[in-house]
Amino acid sequence: MPILLQGHERSITQIKYNREGDLLFTVAKDPIVNVWYSVNGERLGTYMGHTGAVWCVDADWDTKHVLTGSADNSCRLWDCETGKQLALLKTNSAVRTCGFDFGGNIIMFSTDKQMGYQCFVSFFDLRDPSQIDNNEPYMKIPCNDSKITSAVWGPLGECIIAGHESGELNQYSAKSGEVLVNVKEHSRQINDIQLSRDMTMFVTASKDNTAKLFDSTTLEHQKTFRTERPVNSAALSPNYDHVVLGGGQEAMDVTTTSTRIGKFEARFFHLAFEEEFGRVKGHFGPINSVAFHPDGKSYSSGGEDGYVRIHYFDPQYFEFEFEA
Amino acid sequence: MQDAENVAVPEAAEERAEPGQQQPAAEPPPAEGLLRPAGPGAPEAAGTEASSEEVGIAEAGPESEVRTEPAAEAEAASGPSESPSPPAAEELPGSHAEPPVPAQGEAPGEQARDERSDSRAQAVSEDAGGNEGRAAEAEPRALENGDADEPSFSDPEDFVDDVSEEELLGDVLKDRPQEADGIDSVIVVDNVPQVGPDRLEKLKNVIHKIFSKFGKITNDFYPEEDGKTKGYIFLEYASPAHAVDAVKNADGYKLDKQHTFRVNLFTDFDKYMTISDEWDIPEKQPFKDLGNLRYWLEEAECRDQYSVIFESGDRTSIFWNDVKDPVSIEERARWTETYVRWSPKGTYLATFHQRGIALWGGEKFKQIQRFSHQGVQLIDFSPCERYLVTFSPLMDTQDDPQAIIIWDILTGHKKRGFHCESSAHWPIFKMTLDTLSIYETPSMGLLDKKSLKISGIKDFSWSPGGNIIAFWVPEDKDIPARVTLMQLPTRQEIRVRNLFNVVDCKLHWQKNGDYLCVKVDRTPKGTQGVVTNFEIFRMREKQVPVDVVEMKETIIAFAWEPNGSKFAVLHGEAPRISVSFYHVKNNGKIELIKMFDKQQANTIFWSPQGQFVVLAGLRSMNGALAFVDTSDCTVMNIAEHYMASDVEWDPTGRYVVTSVSWWSHKVDNAYWLWTFQGRLLQKNNKDRFCQLLWRPRPPTLLSQEQIKQIKKDLKKYSKIFEQKDRLSQSKASKELVERRRTMMEDFRKYRKMAQELYMEQKNERLELRGGVDTDELDSNVDDWEEETIEFFVTEEIIPLGNQE
């Protein structure tokens with residue numbers, strides 16, 4: 001039986017484990033930021049302050065700080081343990097993605113192209129308090145062509161990898177802001193990017209019904225996982241050659257009440273063979289975010305239905321092997 | 001089909017003997033054996049279909065009598081019995097009465113000229129009434145028309161214009177009236193009573209009365225000889241349109257017992273006079289080698305082909321059906337604009353375009369033939385693939401029927417056009433009130449030159465197994481409704497059945513024509529609601545005995561077993577739908593074999609070989625599928641293809657395809673392949689998949705005995721096949737494993753590279769995280785602080801119903 005987390009009133013936008021995997025952060029289209037014990041689903045607490053939908057959440061490597069970005073035009077830094085708001089960075093438009101770099105010293109967030117404002121990626125160095133105090137990022141990369149819909153830090157914090165509405169992938173230098181690599185393998189919006197545990201590769205989830213595996217350094221395309229529905233999120237197993245995809249028919253396109261037609265299942269693919277080997281049902285709407293526990297023994301999914309479900313794998317999962 | 005092609009030569013000769021007809025001698029004798037497949041084509045039993053394919057058409061409207069009869073007579077006049085010399089005046093075919101296919105024997109130039117002179121004549125007839133001289137002066141006069149008081153702009157008399165008139169007003173000159181203008185408005189009437197001067201005035205009055213209905217008569221001429229009129233007259237109308245109208249409507253007018261007018265256009269005489277007495281041998285068309293059009297039948301594995309339209313119609317593919325994966329043969333972008341169709345024996349693939357139909361075939365699917373028909377929407381092939389019928393809602397004009405066109409597939413020539421009032425009844429082209437016209441091939445003339453007059457005919461249907469037509473006429477006051485079976489061409493009514501209180505009838509032929517089921521919806525007196533009777537006609541027995549099965553429930557679907565004597569009926573109201581299987585026994589008893597209730601079905605799909613049937617709940621019923629073996633009436637499998645919209649059996653009855661078409665549902669467009677037992681073999685997802693059609697096969701060349709023998713030796717064959725299957729299966733799994741192995745190897749190689757890089761960067765990582773090793777989840781275990789967390793777990797027992 002999965003553990004059902006009911007801490008949100010609106011659809012889930014992102015879920016994320018901390019590095020050790022004992023905590024699970026969840027954000028949704030309501031202003032609440034929740035943190036849970038992943039082992040039993042008990043809620044540890046909330047981070048209160050946002051006044052709009054929260055699009056993204058991240059924790060640094062030693063789980064001291066939490067970063068959230070919201071449609072209330074702000075990005076906020078929190079003390080993980082106490083829930084105290086450490087910094088409030090006001091923006092001109094909604095904050096779509098955010099993240100700590102490898103060392104936890106630099107944060108980046110991207111803002112939407114909205115209300116006449118451009119899409120920007122802003123970088124702050126937390127070691128220099130004046131940047132936060134004056135709301136002056138040390139670097140701001142404008143992104144004129146197609147807005148950023150998902151972004152993560154690259155390995156070692158030298159660059160960020162951003163997925164765009166057009167399906168393009170860009171690697172931006174975190175020092176100079178220039179585009180290091182540009183590829184276009186997806187034909188539609190990239191909804192999610194997640195790195196492997198060693199950060200050498202990452203998986204993208206796209207509205208074009210596929211998820212794809214890339215090398216983090218070269219952005220070379222490696223594998224493709226095909227489904228019949230838009231993929232909202234994809235996560236790599238830390239210890240198996242597995243990837244889990246979450247998605248489903250877009251809520252606005254659901255014409256019937258049947259959950260069958262929406263295909264709201266989490267789907268498991270083998271990383272090398274690109275073949276599907278399992279599905280997990282449960283959500284009543286599309287899955288918006290999936291995450292593997294860092295120990296690879298469970299995974300979680302957050303859905304349009306507002307629920308977060310923690311699934312522990314049964315023994316067959318670990319025994320299963322493809323004939324090869 | 002071969003037979004048809006083989007007899008084509010004598011047919012062509014026959015056509016040549018009728019120069020007066022619409023098809024003068026332009027048709028080259030089809031090269032013999034043009035389409036003869038090199039391969040499996042042992043000749044079929046001769047003469048089964050070759051002699052006459054017939055096309056049933058019910059002629060239009062209340063006035064149809066007026067319109068069709070002259071046509072029939074015209075045809076009689078130009079029938080094969082007539083001498084091939086240029087026809088005498090009164091014999092002139094009234095080809096304009098039933099506007100013909102544009103005569104293909106004519107040089108194109110001639111046609112073009114006709115059109116031009118038409119328009120010219122129209123322009124002039126307004127004022128001049130055919131006075132050529134005056135009209136010719138029109139231009140100079142117009143130039144001099146300036147007012148006399150004005151200063152003269154005229155050129156001096158000795159001025160020589162260096163600009164030719166051609167250059168100056170070429171566009172106007174082009175329309176300059178010519179000597180022959182106006183003759184388009186002249187008609188010739190034959191069979192007019194011969195009278196002396198005393199009665200001439202009276203005759204003129206009568207003629208005037210009859211013919212001024214069609215327009216103003218500007219001129220008439222009654223030639224005389226020995227004081228009596230000669231029996232034919234000339235009338236000139238104000239416009240050619242009136243003349244055409246008069247020809248159309250007054251030809252065949254019965255003045256009295258002795259005198260039936262024959263009316264022709266004056267220009268027609270010219271036209272037919274110019275036809276050479278000598279018959280020109282049509283030029284031999286170069287033989288186009290299209291290759292073996294039936295090559296696909298020679299495939300070693302006996303696989304079938306199918307066509308798939310996807311990407312909302314932008315792409316069309318042809319595949320070999322294979323148990324493992326479909327094998328693509330051909331894929332083209334924008335091959336068709338709407339959909340495709342196979343010809344009944346699978347020789348041609350027809351694609352639809354705004355401008356017409358194209359036929360493709362052969363190994364490379366080259367274009368074989370084109371039929372130009374603007375806005376074509378529906379087509380139908382004749383059973384032996386000799387003729388193609390196309391329907392277009394555009395282009396139909398009063399004079400030139402173009403709504404329905406019948407084409408000769410081999411030559412690409414238009415055989416005949418028809419008007420069409422409603423497209424509701426495809427493929428039975430045309431349906432209206434009174435008359436049933438049967439046309440015969442190859443002449444495309446009315447059978448026996450006469451339409452059948454059946455007042456109130458509602459529907460008709462050809463027997464697939466012989467020249468029998470079934471039709472029904474609804475009740476009319478005291479006359480009961482009637483279902484009639486008629487033998488053709490003798491027109492002998494072989495069976496008539498009277499029915500009472502009939503609401504509606506549907507005619508269902510069994511595929512071989514062994515049985516006809518007439519589904520009769522009745523409202524018997526004294527009862528509420530509709531009762532359905534199935535009237536089963538046993539065609540192969542003397543006097544066609546009829547048996548009746550009555551059903552009180554609503555009938556959802558009915559279908560005959562294609563090669564057998566069983567039929568299936570879906571009845572009841574959702575959600576309580578039942579299926580019943582009946583068997584027509586040799587003694588005529590109709591026996592209920594089995595009834596299954598609570599079915600999720602609204603359509604019946606029999607295997608083309610009979611015995612097996614798929615009951616499908618398409619669309620609104622979510623795509624429920626039941627695979628039934630009717631030999632012992634067991635349900636072999638229950639399955640579902642969610643939201644399926646179509647079910648297609650392959651021509652051999654080995655596979656079934658269910659599909660969700662983009663045309664009916666916008667997501668999950670895919671086609672799934674099943675065995676006839678209902679075992680799912682493949683799920684083929686295709687982006688915006690629209691349509692899958694199996695390529696039909698021609699009928700088997702094996703005799704009944706040979707088929708029996710094969711069935712007897714089935715065990716022997718099945719051993720061979722099983723072995724083959726095992727081999728290919730193990731090969732397939734071997735291939736799959738091999739493929740995975742290489743994929744895994746490649747992936748490992750990539751991972752090794754990535755991990756090497758990762759190891760190289762270890763120091764940088766340590767540095768970034770203040771010397772803490774976070775490479776493994778527990779690699780910094782020494783730094784961990786032990787912390788015991790107590791969770792308050794309350795156990796609560798909840799009844800299962802509330803659980804998720």
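I710(B) is partly exposed, since its relative accessible area is 32%; the label covers the range between buried, under 20%, and exposed, over 50% (1.4 Å probe, protein chains only). The residue sits in helix α10 (residues 704-712) of chain B. Helices here are DSSP runs of H or I with at least four residues, strands are runs of E with at least two, and both are numbered from the N terminus.

Before going further, a word on the ground rules. This is a predicted model, in which local features need pLDDT of at least 70 and side-chain atom pairs count only at pLDDT 80 or more, while totals for chains, interfaces and linings use all residues. Residues are numbered from 1 along each chain as its sequence is written, chains are lettered from A and ligands numbered from 1 in the order in which they are written, and side-chain values use heavy atoms, with hydrogens and water left out.

Back to I710(B): together with L702(B), L714(B), Y717(B), I720(B) and F721(B), it makes up a nonpolar patch on the surface, with about 530 Å² of accessible area in total. Helix α11 (residues 714-760) of chain B supplies the largest share of that patch, four residues. Patch members have over 30% relative accessible area and no salt bridge; nonpolar side chains (Val, Leu, Ile, Met, Phe, Trp, Tyr) are joined within 5 Å, like charges within 9 Å. A salt bridge puts a side-chain nitrogen of Lys or Arg within 4 Å of a carboxyl oxygen of Asp or Glu. The areas are Shrake-Rupley values with a 1.4 Å probe, and for residues only the protein chains shown count as cover.

Helix α9 (residues 266-273) has T267(B), D268(B), F269(B) and Y272(B) buried, and the cover over them includes β2 (186-190) and β7 (262-265) of chain B. Now look at the loop between β9 (315-320) and β10 (327-333) of chain B, where you'll find N321(B). With 4% relative accessibility, N321(B) counts as buried. Skipping neighbours within four places in sequence, N321(B) is in contact (heavy atoms within 4.5 Å) with R303(B), D304(B), Y306(B), Y655(B), L673(B) and W694(B).

T411(B) is another loop residue, between β17 (404-408) and β18 (414-418) of chain B, and at 18% relative accessibility T411(B) counts as buried. The side chain of T411(B) reaches the backbone nitrogen of H413(B) at 3.2 Å. In sequence, T411(B) and Q369(B) are 42 residues apart, yet their C-alpha atoms are 8.2 Å apart.

Over to chain A, which has three helices and 28 strands. Of its 324 residues, 61% are buried.

What about the partners? Strand β18 (residues 190-195) of chain A pairs with β19(A) antiparallel over five bridges, where pairing takes at least two DSSP bridges. I190(A) stands opposite S206(A), and the hairpin turn of five residues includes M199(A), with a positive phi of about 65 degrees. Five bridges also join β19(A) to strand β20 (residues 210-215) of chain A, again antiparallel. There, F202(A) stands opposite F214(A), and the three residues between the strands include N209(A), with a positive phi of about 75 degrees.

Terms used. A polar contact is a pair of N or O atoms within 3.5 Å; within protein, one must be able to donate a hydrogen and the other to accept it, and residues adjacent in sequence count only if both atoms are side-chain atoms.
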